[in-house]
Amino acid sequence: MRALFLLVLCSTVSLAEGPTAHCVLRKDVDGHLPSAAWLGKRFALTWYARDNGTDAGVVSFEQKFALMEPEGEMVGHQPIAITPVDGFSSVMGRLRVGPSGVLGLVWQDDASGERTAMFRTLDFNGKPTSESVAVWKQKTSHGDQAALAWNEKTKQWLVVFQGTEPTERPGYVTHHFFATSFAKGSAIPVPIRLDADESISNSHGLMVEAKGECGVTAWEANNKSKSAGGSAGGIVFATFCGQKVTRQTVSDKSATAPTQASLGVRPDGSVLVVWVDEAPKETPAPKDAPKPGAPGGVAAPSRPFNAPPPPGLPRRSVVFVLLDASGAVKMRGRFDAGGDAESPVVAGNERGWFVVWSDTVDRKDRAMAARLSPEGNQQGALINLNTPVDGPAWVSVARGGPKSGVLISHSNHPECAVEWAELR
């Protein structure tokens, strides 16, 4: 029997460092759910904001674009629109760098009368270099952000999104995850369905990443769906290559209510899948418990800070599983900052991993981060990145620069729409 390395991480009351975030988009800019891509010297940044459209009195949302210095300072003062200013909303955009000098953008657009996942390319100054095209016209996009990546090995864009399929019952649909891959300048082929059963929206953490010649993603399967060949709920990790899809449920049997899956990939092919689940009750460690990380052992559960759960709801913490390049489980763990965790995201590089999430305590949201070694061991205490403010707040990671950081999007901050906090 292969030994399983298992670690449940224990957090303490003290947090590493103090709040480091500063405002990059003030409230009057009206920035929502930003996404950043590293261009080599600066970040490209997109977010959606209100736009007056082409007709007087018509207000919509469009994706905006600006450049940002590595320290989190905006370049210039006039962001430009990178989606068609047509009086219809273009929201929840994602930027990723593709071939030399090319940026890819995906977003959700309602110009067709139904929300549709759209794609176009830009240069590094935000100028569109292609028309806007629907990822799939036959299916209605559903949920939140579509996800985008560039596979340098196959020279293809990868797009994952959630869409709907009609049922035999008029007016009713099922929700599924789909993926497609296509080369620069080529037509977008019909996406393949990734899941075996109906699945749940991943909120703002849905990710797709390149791994070898394939793409990888993760989502939450519907707990009520148990059809033949499918999963009975839990977090599903999938690899897709062409028309072939392989799936594995990575949440373990102790998972209570796993949701909001995301993932990251390191250069060695290892994958860290994260999600949120109900925080465990504090229980004493058994006397013969092995040390954290010992082969075959289960360490003591995480010890929360005795923070009360939100009214009527259980409190949630961040759970992760580390998979090696073959997909085998190397480590499991949990981060508990004492609040109600939301929408974790991952950044992986040569030095290891960062896991970032939003944490709610007493109805105030703060951005939290944790460092992991390449082997999945926690490095230092959890990091509080900003001063807590009225929620909700969402986080995204700006990867790849000399000063990678976190973008914190606020709905109810009195002065700031988006904060930047350096990851170090």
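Strands E11 (residues 156-166) and E12 (residues 173-183) pair in the antiparallel sense over eleven bridges; strands here are DSSP runs of at least two residues, numbered from the N terminus, and two of them pair if DSSP finds at least two bridges between them. This is a predicted model, where local features need pLDDT of at least 70, side-chain atom pairs count only at pLDDT 80 or more, and totals for chains, interfaces and linings use all residues. Residues are numbered from 1 along each chain as its sequence is written, and side-chain values use heavy atoms, with hydrogens and water left out.

Back to that pair: E11 and E12 form a hairpin with six residues between them, and Gly171 in the turn has a positive phi of about 85 degrees. Look across from Gly163 and you find His176 in E12. E11 is mostly covered, with nine of its eleven residues buried (under 20% relative accessible area with a 1.4 Å probe, protein chains only).

Now for the cores. A nonpolar core is a set of buried Ala, Val, Leu, Ile, Met, Phe, Trp, Tyr and Cys residues joined through side-chain atoms within 4.5 Å. The largest one has 18 residues, and Leu272, Phe335, Val355 and Trp357 have the most contacts inside it. Strands giving two or more residues to this core include E20 (271-278) and E25 (364-372). Apart from it lies another core of 16 residues, among them Ala179 and Leu206.

Leu272 touches, among others, Phe320, Val355 and Leu372, contact being heavy atoms within 4.5 Å.

Finally, Leu382 sits in the loop between E25 and strand E26 (383-384). Leu382 is buried, at 3% relative accessible area, and its C-alpha is 7.6 Å from that of Arg371, eleven residues apart along the chain.

Methods. Buried < 20%, exposed > 50% of the residue type's maximum accessible area, 1.4 Å probe, protein only. Helix = DSSP H or I, 4+ residues; strand = E, 2+ residues; numbered from the N terminus. Lists of a residue's contacts leave out its neighbours within four places in sequence.
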